[in-house]
Structures are given as structure tokens and as C-alpha cells.
Amino acid sequence: MNGRIRRTAAIAACATLAAPALLAPAAAWAQAQGIPMVNVTTGTGGGQTYSLTIQILVLMTLLTLLPAILLSMTAFTRIVIVLAILRQALGTPQTPPNQVLVGLALFMTLFVMSPVLTASWNEGVKPYMDGQLQAERALEQAVAPLREFMLNQVRENDLESFGRISGQGPFESPESVPISVLVPAFITSELKTAFQIGFMIFLPFLIIDLVVASVLMSMGMMMLSPMLVSLPFKLMLFVLVDGWTLLMGTLAGSFAL
């Protein structure tokens with residue numbers, strides 16, 4: 001149930017963020033081809049029947065793929081994994097609940113990606129809506145800030161590995177890297193970075209667990225759970241160092257160019 005709620009929240013928020021940039025070309029293509037959204041047919045008796053066109057099919061297909069595309073091209077992956085590791089390190093697997101972690105990750109993603117989304121809107125979506133750019137050019141300019149963001153975060157060895165696997169590498173310049181290679185390389189780099197940050201977060205809490213377990217064993221309290229005793233100390237440590245603010249600032253700073 002929690003996983004279903006988490007996926008629903010991610011789909012709703014991310015689809016709202018960048019739907020115009022990815023759906024605009026489909027609508028433009030249909031308009032250029034003279035295909036209406038709904039076909040209205042008048043029968044012999046004066047009745048009317050309505051049928052949907054291929055434009056609706058294209059839009060629905062893009063909406064289906066949109067959440068996965070957006071979550072794969074933004075800061076969401078790194079943030080949500082680090083938050084999940086932090087929860088495990090604290091020893092509270094159900095607190096904060098999944099809904100809170102996903103909501104925090106989504107708004108942190110919006111905070112980190114706001115310059116990129118603003119550039120995508122100003123350079124691609126808005127000129128297209130104002131009639132200043134054709135659909136293909138608008139899509140290219142709207143995706144360009146996301147490409148730049150991913151290129152700045154991806155590791156070179158991951159990019160080279162996926163380029164070699166796809167048979168398209170080595171690449172002469174960053175502009176020559178196709179999206180089909182850049183996105184999986186970016187996701188792999190984000191996973192590695194998230195686990196590195198999670199490892200650094202886990203260490204101080206692991207030390208507390210080891211110290212508490214050693215003290216309890218030396219006192220002969222083997223029947224008392226070390227996790228139960230260490231939990232208040234870990235919470236106290238996290239609160240005293242202002243852990244949430246420190247963690248959010250570190251995560252946001254990790255995306256600095």
C-alpha cells in the first residue's frame with residue numbers, strides 16, 4: 001500500500017513539473033497535420049457521435065512514460081535513496097513514513113531543479129506557446145537544460161561504459177552524447193553517489209550501535225536489545241547537530257556545478 005501511494009505521489013508531482021515540455025510537440029504535430037482532438041460525426045437522424053483521434057493516443061502514451069522519464073532525469077533518485085538510508089541508520093524503519101519521505105524528496109527535487117526547469121520553460125516551452133518556435137526546435141531547447149544538468153552530474157566512466165555497450169562511443173563532445181546513453185549513465189552515477197552519501201551518514205550511527213552493544217555485553221545484559229537502547233542516543237545526536245537541515249543542505253550542495 002505504501003509503495004502504491006509513493007508511486008502515485010511521484011507521478012502526480014513530476015507530471016505537473018514538466019508536462020508542457022514533453023507534451024507540446026505531440027500537440028503541435030497533430031495541429032500541423034490538421035488532426036482535431038475529437039471527431040464529431042453527424043448521423044442521418046441528426047444525432048452526433050464522437051470519436052477520439054490519434055492525438056489522444058499520443059498524449060496518453062507520453063503521460064504513461066512521463067513519470068519514469070522525469071524521475072530518471074532529475075535529482076529525485078539521489079535524494080530519496082539518501083533519505084531511505086538515513087531512516088534505516090536511525091533504526092526507525094517506519095518513521096518518517098514513506099509518504100513524508102517521498103513528499104520531502106519531491107519538494108527538494110523541485111528546489112534543486114528549479115533553475116533547470118525555469119531555463120527549460122523560458123528557452124523552449126514559452127517561446128513555443130508564443131508561436132516563436134516550431135515544435136521540434138522547442139523540444140530541443142526545452143530538453144537542453146536537462147541534458148546540461150545530467151552531463152554535469154554523470155561520471156565519465158559511466159558514460160564511457162554505456163557508450164561502449166551501445167556501440168556508439170567514444171563521443172567527440174558532450175553535445176554528441178544521445179539521450180538513450182546519457183539517461184542510464186546518469187541514473188547509474190546517481191545511484192553510486194547516493195550510496196556514497198548514505199555510507200557517510202550511516203557511520204556515526206553504526207558507531208553508536210557498536211558502543212551500546214559492547215557496553216551491554218560487558219554488563220551481562222545480553223537479553224536487552226542494543227537497537228532499543230541505542231535509538232534514543234541516535235535520535236539525540238541527530239537532533240543536536242540539527243541533522244535535517246544539515247542533510248538537506250548537503251544534498252542540495254551536492255548538485256552544485
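**Helix α9 and its neighbours**

In this predicted model, the axes of α3 and α9 cross at roughly 150° and come within 11 Å of each other.

Me: Why are α3 and α9 called roughly antiparallel?
Reply: Their axes cross at roughly 150°, and angles over 145 degrees count as roughly antiparallel; α3 and α9 are therefore described as roughly antiparallel to each other. The crossing in which α3 passes α9 is right-handed.

Me: What makes up the contact of α3 with α9, by class of residue?
Reply: From α3 come Ile 79, Val 82, Leu 83 and Leu 86, and these meet Trp 244, Leu 247, Met 248 and Leu 251 of α9. Since Ala, Val, Leu, Ile, Met, Phe, Trp, Tyr, Cys and Pro count as nonpolar, the contact has eight nonpolar residues, with no polar and no charged ones.

Me: Which residues of α9 are buried, and how do you know on which side of the helix they lie?
Reply: Gly 243, Leu 247, Met 248 and Leu 251 are the buried residues in α9, which runs over residues 243–253. They cover an arc of only 125° around the axis, and this puts them on the same side of α9. On the other side of α9, Thr 245 and Leu 246 are exposed, a word that requires over 50% relative accessible area.

Me: What do the buried residues of α9 pack against?
Reply: They pack against α3, α4, α7 (179–218) and α8 (226–240).

Me: How do α3 and α4 pack, and what makes their contact?
Reply: Helix α3 (residues 76–90) and helix α4 (residues 98–129) pack at an angle of about 145°, with their axes 9 Å apart. Among the contact residues are Phe 76, Ile 79 and Leu 83 of α3, together with Leu 101, Leu 104 and Met 108 of α4. By class, the residues of this contact divide into eleven nonpolar, two polar and one charged.

Me: What is the peptide bond from Thr 95 to Pro 96, cis or trans?
Reply: With omega near -5°, the bond is cis, and Pro 96 lies in the loop between α3 and α4. Most peptide bonds are trans.

Terms used. Residues numbered from 1 in each chain as written. Predicted model: local features only at pLDDT ≥ 70, side-chain atom pairs only at ≥ 80, totals over all residues. Heavy atoms only, no water. Axes fitted to C-alpha atoms, helices over the stretch in contact; angles between N-to-C directions. Helix = DSSP H or I, 4+ residues; strand = E, 2+ residues; numbered from the N terminus. Contact = heavy atoms within 4.5 Å. Buried < 20%, exposed > 50% of the residue type's maximum accessible area, 1.4 Å probe, protein only. Arc of directions from axis to C-beta. Parallel < 35°, antiparallel > 145°, perpendicular 65-115°, else oblique. Left-handed = near helix turned anticlockwise from the far one by under 90°.
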